[in-house]
Amino acid sequence: MLLSPPHKPLTNGSEGTSVTKRGPAPADGRPWPWLVPAVAILAVFYAVPVLDVFRLAFSDATLIRPPTSWTAAPIRALLGNPALPEVLVTTFVFTAVNVVALQAFGLAIALTLVRGEARGLRGMTTFRTLVLAAWVVPGIANGLIWQMLFDEAPYGTLNSLLGFVGIGPVAWLSDPGMALVSAVIANLWQGTAFSMIVFYAARKAIDPVIYEVAALDGASPWRTFRSITLPLLRTAIAVNTVLVAVQTLNTFDSILALTGGGPGRATEVLALFTFNTVFYNLDLAGGSVLALIMFAVAMALATVIHGWLGRTA
Amino acid sequence: MKARLGDVATYGGLALLAVFFAAPFLWMLSLSLRTPAEIYLGAARLIPDAPTLGNFRHILSDPAFLLYLWNGLKLSAAGGALAVALAIPAAYAFSRLQFRRKQAALVAILAVQMISPLVILVPLYRWMGAMDLLNLHASVIALYGALGMPLAVWLLKVAFDAIPVEIEEAAIVDGASRLQVLTRITLPLARPGLASAFVLAMVTNWSQFLVPFILLERDGDWPISVAIFNFAGSVSASTTQLLAAACLVAVVPAVAVFVGLQRMIVSALVSGAVKG
C-alpha cells in the first residue's frame, strides 16, 4: 500500500493485503496479550526516555550531575548559542542536497536495472549487489574509507589521480565548502542503495500492460517516463523523501569519522552537534533541547507520512 | 536498432556508476596490500609491485583485534535475535488479528523507527549509570533489541501475511491454541522472513557505533566499529596501510553475509516496501 502506485491492486507474489481475503478471526483473537512485549519495549526504551528528555531540557543537569533546578535557561542559552544557526544551516543543506541526490541516483539506477532486466542484459544483479555492498559498510568505516580517499597529501588517492590529468590538488576536507561536498559524496556512496530498493520495488509493482500500451502507441522513452513512470511512482517518491530525510538527519557516525565536524563547524550537523554537546561538553540540559529538536523534526515528518498513508490506504 | 543503442547507454551509465561504487572497495584493498613505501606512490600504483599480506597478518595476529571482532559478532547476533524475538508476537497480532486502530499502530511503529538512537541515549545513559548497567554487554544487547524491533515487526508482519491463513484455521479447528499455531505452524513456515529480519538487524547492529561507544568504556568490551574509530585516532600517514586493512576486516563480514543472502533479504525488503 505504502509504496505501490495507488491505481492498481497488488499482484506482487504472495497474498493481497488484508481484511477482505481472510475469513472471520477466530474467537481467541484478543490482540493485547500479543502486543505486550512490543508495547513494553516501546514504553521503556522510547516513550519514557523521550519524556525524560522533555524534563531534562528544562533542568540544569549535566552528564555528571543530576538536575537541581527547573528553568527555561537551557533553552534560552541554546537559542543564544552562536553555533546553533550555523549548525542548522549546515544540517539543512546537508539534508536537502542528500535527499535530492540520493533519490535521483536511486531512481536512475532502479529504472536502469529494470530496463536491463527486461532486455535480459547480463550483470544487473552484480551491479545491484555492488550498490548494496556499500550500503552495509558501517558508518564509521565509511567515514574512514573516504578520509583515506580524500587524503590531501600529494600521494592521496583522489588528488594523485587528479594530478595525472593536471588538476591541482583539491582541499577535499580542509576547505569548509569542499568538506561539506565531500561529506555528501561519502553519504551518496553509502545511502543510494536504500532509495534504489524502494524505487525498484515500486517500479516492479507497476502493471506491465501500461507500458505495452504506451509502446504500441509509439510513446518515446522520455514520454513514457514523464507520463507513466513518474506519476505512478509519486507515492513512493513522497514517502521515500521523508524516510531519506530522517535517515540523513540522523546520520552522524560517518561524518564524525570523516571530518569530526570540521573544519571549524563546516560539517557539524545537528546530530553531531547534539552528540558533542552531551558527551564532550557534558551539557545534558542543552543536549536534551537539541535532542528535542531532532525528535520534533522526525515526528513532524512521520506525521506527514501518516497523512499520505491515510489517503492512499 | 534503437533498443540496441539503449542497451549500450544502459551499460555505459552503469559502468560509470560501477566505478563510483567499486572504487572505495578496490582502493582499500590496494592500500591494505602495500608496504609503507608504496603508500606514498598514491594512485600511480593501484596494483602494488610487492603486494603483501603482512598488514592483515599484523592486524589479525593482535589478540585485541580478534576480541573486537568477537565482541562485534556477539553483540550483533544477540541483539538481532532479541529484536526478532520481541517482534514475533506483535507481528503475528498485526498479521492475523483484527483490532481497532491497527493501521495507526503500525504507522506509530514506523514513526518510532525514525527516532534517532541519540535522542533516547541521552536519558538512558543516565539511568543505566544510576542502575550500574553501564559497561555491560547485556545492556548493549537490550538496546539493540529495542532499536531493531520496529523494523522487525514490519518485516515479520509481511512474512506472516504471505502464509495462507487457511493452514492456521485448519489447525485451530483441530483444537490447537493460537500459541501452538504460531510455534508449530506459522514460525516454521515463516523461516525465510525470520532469517531476513534477523540478518538485517544483525548487519545494522554490526554498523552501530553510538550505542557501544557510549555504553562501553573498557577497551576489552568494544566491538569492532568502536575499535577502528579509536585505532584511526592513533594512526599516522606511515600506518595508512594498517588502517585500510583494519577497515576491510571490519567491513568484509557484513558485506559477505549480506551479499551471500541478498536474494532473500532484498525480496523481504521489496515485499515490505510494497505492502507496508
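How many Å apart do the C-alpha centres of domain 1 of chain B and domain 2 of chain B lie? They lie 32 Å apart. The notes below take up this point and others.

1. Basis of the model. This is a predicted model, in which local features need pLDDT of at least 70 and side-chain atom pairs count only at pLDDT 80 or more, while totals for chains, interfaces and linings use all residues. Residues are numbered from 1 along each chain as its sequence is written, chains are lettered from A and ligands numbered from 1 in the order in which they are written, and side-chain values use heavy atoms, with hydrogens and water left out.

2. Chain B as a whole. Chain B has 14 helices and zero strands. Helices (H or I, at least four residues) and strands (E, at least two) are DSSP runs, numbered from the N terminus. The C-alpha atoms of chain B fill a box of roughly 75 × 70 × 30 Å along the principal axes.

3. Two domains in chain B. Domain 1 covers 1-52 and domain 2 covers 58-270; such bounds come from an automatic or database domain assignment. Nine residues from domain 1 of chain B and eight residues from domain 2 of chain B make the contact, where contact means heavy atoms within 4.5 Å.

4. What the domain interface is made of. The two domains of chain B bury about 710 Å² between them, with 79% of it on carbon and sulfur atoms. Buried area is the accessible area (1.4 Å probe) that two parts lose on being put together, summed over both. Across this interface of domain 1 and domain 2 of chain B the rule finds zero salt bridges (a side-chain nitrogen of Lys or Arg within 4 Å of a carboxyl oxygen of Asp or Glu).

5. The domain 1 side. On the side of domain 1 of chain B that touches domain 2 of chain B, helix H1 (2-32) and helix H2 (36-39) each supply at least two residues. The largest share, five residues, comes from H1(B). By class, this side has seven nonpolar residues, one polar and one charged. Ala, Val, Leu, Ile, Met, Phe, Trp, Tyr, Cys and Pro count as nonpolar, Asp, Glu, Lys and Arg as charged, and the others, Gly among them, as polar.

6. Chain A against chain B. The contact takes 104 residues from chain A and 99 residues from chain B. Together the chains bury about 9,200 Å², 78% of it on carbon and sulfur atoms. Nine residue pairs are in polar contact between chain A and chain B (both at pLDDT 80 or more). On the chain A side that touches chain B, helix H1 (residues 32-57) of chain A gives the largest share, 16 residues. That side of chain A has 76 nonpolar, 17 polar and eleven charged residues.

7. Asp52(A) and its partners. Three salt bridges are found across the interface of chain A and chain B. The side chains of Arg126(B) and Asp52(A) meet in a salt bridge, at 3.9 Å from N to O. Asp52(A) also forms a salt bridge with Arg55(A), with the closest N and O atoms 2.8 Å apart. Asp52(A) and Arg55(A) are separated by about one helical turn because they are three residues apart in helix H1 of chain A.

Technical notes. A polar contact is a pair of N or O atoms within 3.5 Å; within protein, one must be able to donate a hydrogen and the other to accept it, and residues adjacent in sequence count only if both atoms are side-chain atoms.
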